[in-house]
Amino acid sequence: MKNNTDKYTYRIAWSEEDGCHIARCLEFPSLSAHGDTVEAALREIAFVVKECIQWLEEEGEPVPEPLGMKKFRGHLTLRVPAEKHRELAIRSAEEGVSVNQFILSRL
């Protein structure tokens, strides 16, 4: 990965309680940074992520793959109680679609 921080997924939100913008990186959920502006918060979290990646690489630990670069199969395993499964099967049958299509239409 070599400190390619621009490929990661960042979210910035205003915190009324802290009186500043709080930035987070979805691939590193334990990290956050703050700034007086959105731009400052983004710069800070990118710096923190860069430092974290460097530390992980030095320690031989795996570096999270950016979500935007990750390949998804499109398969999702979901466990639900038997009664909910029955309800989904009935509702999908009423609509004339598969359970998969019924759930997908609700997402």
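**Helix packing, pocket and sheet**

Q: How are α2 and α3 set relative to each other?
A: α2 and α3 are roughly perpendicular to each other. Keep in mind that this is a predicted model.

Q: What's the angle, and how far apart are the axes?
A: The two helices pack at about 90°. Their axes are 8 Å apart. Angles of 65 to 115 degrees count as roughly perpendicular, so this pair qualifies.

Q: Which residues make that contact?
A: From α2, the contact uses Leu88, Ala89, Arg91, Ser92 and Glu95. From α3, it uses Val99, Phe102, Ile103 and Arg106.

Q: And by class, what is in the contact of α2 with α3?
A: There are 5 nonpolar residues, 1 polar and 3 charged.

Q: New topic. How much space is in the largest pocket?
A: About 350 Å³.

Q: Which helices supply at least two residues each to its lining?
A: α2 (82-95) and α3 (99-106) each do. The largest share comes from α3, with 4 residues.

Q: Which residues line the largest pocket?
A: The lining is Gly74, Leu76, Leu78, Val80, His85, Leu88, Val99, Asn100, Ile103, Leu104 and Leu107. Leu88, Val99 and Ile103 line the pocket, and these three also take part in the contact of α2 with α3.

Q: How do the lining residues divide by class?
A: They split into 8 nonpolar and 3 polar, with no charged residues.

Q: Let's switch to the sheet. What's the strand order?
A: It is an open sheet of 3 strands, in the order β1-β2-β3. The pairing is antiparallel.

Q: Which strands are at the edges?
A: β1 (10-15) and β3 (28-35). Each pairs on one side only. From one strand to the next, the twist averages 25°.

Q: How many bridges join β1 to β2?
A: 6 bridges join that antiparallel pair. Within the pair, Arg11 has Arg24 of β2 as its bridge partner.

Q: And how many join β2 to β3?
A: β2 (residues 20-25) is joined to β3 by 5 bridges, and the two run antiparallel. Here His21 has Gly35 of β3 as its bridge partner.

Q: Which helix packs on the sheet?
A: Helix α1 (residues 38-59) does, and it touches β1, β2 and β3. The direction of α1 makes about 140° with that of β3.

Q: Last one. Which residue takes a positive phi in the hairpin of β1 and β2?
A: Gly19 does, with phi near 70°. That hairpin has 4 residues between the strands.

Terms used: Residues are numbered from 1 along each chain as its sequence is written. This is a predicted model: local features need pLDDT of at least 70, side-chain atom pairs count only at pLDDT 80 or more; totals for chains, interfaces and linings use all residues. Side-chain values use heavy atoms; hydrogens and water are left out. Two strands pair if DSSP finds at least two bridges between them. Axes are lines fitted to C-alpha atoms, for helices over the stretch in contact, and angles run from 0 to 180 degrees between N-to-C directions. Contact means heavy atoms within 4.5 Å. On a 1 Å grid over the protein atoms alone, a cavity is a set of points where a 1.4 Å probe fits but cannot get out, and a pocket is an open set with protein on both sides within 12 Å along at least five of seven lines; lining residues have an atom within 4 Å of a point. Grid points are joined across faces, edges and corners, and a volume is the space filled by probe spheres set on the points. Ala, Val, Leu, Ile, Met, Phe, Trp, Tyr, Cys and Pro count as nonpolar, Asp, Glu, Lys and Arg as charged, and the others, Gly among them, as polar. Angles under 35 degrees count as roughly parallel, over 145 as roughly antiparallel, 65 to 115 as roughly perpendicular and the rest as oblique.
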